[in-house]
Amino acid sequence: MGKKECRGEVTAYLSLIFILFITFIGGIMESASIQIAKNYRRADTNRAMECVFAEYQKELLEEYDIFALDGGYETGRYSRQKVTDRLDYYGVGSVKHDVERIRFLTDKGCGDFLGQVSAYMEHKYGIDAVKDMLDMTSVWGQQEERAEDYAEEEDSWQESMEDLLEENESELPKENNPITHIGQLKTSPVLKLVMPRDRNVSEKSVRDEEMLAFREQNQGYGDFSDVSENGNLTTLLFGEYLLEHFKSFTDTEHTSTLDYELEYMLAGKNSDKENLEYVIRKIIFFRFVPNYAYIQTDSEMKAEAETAALALCTILAVPAITEAAVQGILLAWAYGESIMDVRSLLKGSRVPLVKSKESWQLQFSKLLTLGTEEDRSEGRDDENGLRYSEYLRMMLFLAKRDTVALRSLGIIEQNMRKLYGQPYFRADYCIGKMEIRSVCSLRKGIQYQYKTYYGYQ
């Protein structure tokens, strides 16, 4: 009996072990089965996401090298439902999707747009492409600061001169007075002073309400700080992208919504004329710096200014006014030279960054006829100088990048609508990256939630 009881206990023990083993194997198989089901659902969703993002705007890529998904799907109206409907179309099984976070090209200072520009430019040229220009950026910044200092100096001179004349109850003669003449030119339409004779100013314009920068923009949501960005875009590389993809005044062919696209990005006005005028005044402002700096070092030119000041102030016989007039004539002469420089730039010629006696254009004898019917000077070309596009490069570098980016997207939007057959296109509906949350039923009583991210690189 003892042996039989022992055998029975062993049999029961082995039976329990066998049951436990079978249960363990079953559990592993069940777990593997669930995991396989999860993997299938994730694979289905990944495939659906890739298919959705493969529907990028073809014209946007071909013309501007930017990937983006039109969240409005050619309707001009964005909704999350349109996106999730496309996911359902490409998906398999009863999976419900919701957009957890999304980023449009215009979000966060146009960060996604700038990121793609960075990736494109670094892939095409490499970061070394702008190394040769890095030394110049500090010069550009200094030139802007010095231009502001000189503008303050000119204002100070103006106030001082007015005070001197008031104290002595005098006034400078208006005839043969370069100070008065240049003062009048400063208030006259600048385009008439600098436009090449064979060119007309574009009459193209847009309405503010049409432009991206002036309307309320669709906003994405969610933080993508955990997602690696497309690299650090240098302001120089962004400027090179703009110069490569957009037109300016000196380009020969203009077929876009505005002829002077780069000028619009800098000025933000609604007409080509206003934008060009803004840029020209800015270039005159920049050119005044090296011109005024040089003229103060040239003894012959200073002597001419002194002679002219004595002729103006002979009747007044007040030395302080004569000294102030000398400085005013030098300021006027430097401004007149800046007008000549812009004339050269607009006709496609080059102007040296720093002036010398050989590169100085405007003779004192022609200062009084500048801007009159007798004026026939168009500016000359200096083989060691910079072209108009290089001054635009400098201005783009010094401008606020977020503002320029938004305006460039506005130009892209208008061109997509009017030139490339996409009347519904809106840059603030263009999706650059997105993450969705999906919920599915694996089998009765078991639900699975997971997230899927996709972003253009």
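I call a residue buried under 20% relative accessible area, exposed over 50% and partly exposed in between, with a 1.4 Å probe and protein chains only.

The model is predicted: local features need pLDDT of at least 70, side-chain atom pairs count only at pLDDT 80 or more, and totals for chains, interfaces and linings use all residues. Numbering runs from 1 along each chain as its sequence is written, and side-chain values use heavy atoms, with hydrogens and water left out.

Entry on cysteines. I looked for disulfides, meaning pairs of cysteine sulfur atoms within 2.5 Å, and found 0. For Cys 51 the nearest cysteine sulfur belongs to Cys 440, 18 Å away. Cys 51 is partly exposed, at 26% relative accessible area. For Cys 110 the nearest cysteine sulfur is that of Cys 430, at 12 Å. Cys 110 is buried, at 2% relative accessible area.

Entry on a helix pair. I took helices as DSSP runs (H or I, at least four residues), numbered from the N terminus. Axes are lines fitted to C-alpha atoms over the stretch in contact, and angles run from 0 to 180 degrees between N-to-C directions. The axes of α11 (residues 299-313) and α12 (residues 319-346) come within 8 Å and cross at roughly 125°.

I then listed the contact (heavy atoms within 4.5 Å). Among its residues are Met 301, Ala 305 and Leu 312 of α11, and Ile 321, Val 326 and Trp 333 of α12. The contact residues divide into 13 nonpolar, 1 polar and 3 charged. Here Ala, Val, Leu, Ile, Met, Phe, Trp, Tyr, Cys and Pro count as nonpolar, Asp, Glu, Lys and Arg as charged, and the others, Gly among them, as polar.

Notes
Helix = DSSP H or I, 4+ residues; strand = E, 2+ residues; numbered from the N terminus.
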